[in-house]
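Here is a short report on one protein chain. Please look over the sequence and the model before reading on.

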Amino acid sequence: MLIIGITGGSGSGKTTVVDFIVRQLPNDSVTVISLDSYYKDNKNLTEEQRKQVNFDSPSSFEFDLLNKHLDELQEGKTIQMPIYHYVTCSRDEETIPVKPCDVIIVEGIMVFANEELRDRLDIKVFVDTDADDRLIRIINRDIVERGRSYRDVLEHYQRWVKPMHQAYIEPAKKFADIVLPEGGKNVVGIDVLLSKIKLLIHENKEKKLSE
């Protein structure tokens, strides 16, 4: 099994890169695990308390559970991935079963922020996009998908997103094996990444056959 970590700032185009990779690989050979699914459950907090939670900090994620799930997938076990709701800041009672496969992609803003998670990644990819472009995407996404007002989005960006990006995400670029400037627009870079993924998949299969 090949575990790939794809990270970058909020609105950097990580999802576009992931979707491109998934479309180029054989059916049922790849599974995507979003780090967002592993946000800590905050359903017991009041609305005012939730407003004070920094969801752009590494402390907001349950890395221990994600690392445990990756280990179980490596062992050939099916995991139950959490379902997280942004509007209520809570986890669903139901989960999504995820089976082991050739490629597991872990995607999210803080994928490189946890050392134990980084150690589990075979390929580490950083999607690097200009801050202005990321902000435009954040505004469009949060208003349409998360029901926030324009003012709320800007206040959230200035209070949490930008400082956390500067403190945790941008410095983590040093851990990347591959940096993709301009995200999904970087077709050449994605093709190089795909070639490396396909080569490692082939090598893993050859290794299994020889054992």
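The report goes from the overall fold to the cavities and then to one lysine.

## Fold and overall dimensions

This is a predicted model. The protein chain contains seven helices and seven strands.

The C-alpha trace spans about 60 × 40 × 30 Å along its principal axes.

## Burial, surface and contacts

Of the 211 residues, 47% count as buried. The protein chain exposes about 11,300 Å². Carbon and sulfur atoms supply 49% of that area.

Take the contacts between residues at least 6 apart in sequence: 74% of them join residues at least 24 apart.

## The largest cavity

Three cavities of 30 Å³ or more are present in the structure. The largest has a volume of about 50 Å³. Its lining is made up of Met1, Leu2, Asp102, Ile201, Asn204, Lys205 and Lys208.

Helix α7 (residues 187-210) gives the largest share of this lining, with four residues. By class, the lining of the largest cavity holds three nonpolar, one polar and three charged residues.

## The second largest cavity

The second largest cavity has a volume of about 40 Å³. Thr7, Ile109, Met110, Val111, Phe112, Ala113, Phe126, Tyr168, Ile169 and Ala172 line it.

What classes of residue make up the lining of the second largest cavity? Nine are nonpolar, one is polar and none is charged. The lining of the largest cavity, for its part, includes three charged residues.

## Lys124 in strand β6

Lys124 sits in strand β6, which covers residues 123-128. Is Lys124 buried or exposed? Its relative accessibility is 15%. The cut-off for buried is under 20%, so Lys124 counts as buried.

Which residues does Lys124 touch, leaving aside those up to four places away in sequence? They are Gly5, Phe112, Arg118, Phe175, Ala176, Asp177 and Ile178. One of these contacts, Phe112, also lines the second largest cavity. Phe126, another residue of that lining, falls within the residue range of strand β6.

Terms used:
Residues are numbered from 1 along each chain as its sequence is written. This is a predicted model: local features need pLDDT of at least 70, side-chain atom pairs count only at pLDDT 80 or more; totals for chains, interfaces and linings use all residues. Side-chain values use heavy atoms; hydrogens and water are left out. On a 1 Å grid over the protein atoms alone, a cavity is a set of points where a 1.4 Å probe fits but cannot get out, and a pocket is an open set with protein on both sides within 12 Å along at least five of seven lines; lining residues have an atom within 4 Å of a point. Grid points are joined across faces, edges and corners, and a volume is the space filled by probe spheres set on the points. Helices (H or I, at least four residues) and strands (E, at least two) are DSSP runs, numbered from the N terminus. Ala, Val, Leu, Ile, Met, Phe, Trp, Tyr, Cys and Pro count as nonpolar, Asp, Glu, Lys and Arg as charged, and the others, Gly among them, as polar. Buried means under 20% relative accessible area, exposed over 50%, partly exposed in between (1.4 Å probe, protein chains only). Contact means heavy atoms within 4.5 Å. Accessible areas come from the Shrake-Rupley method with a 1.4 Å probe; for residues, only the protein chains shown count as cover.
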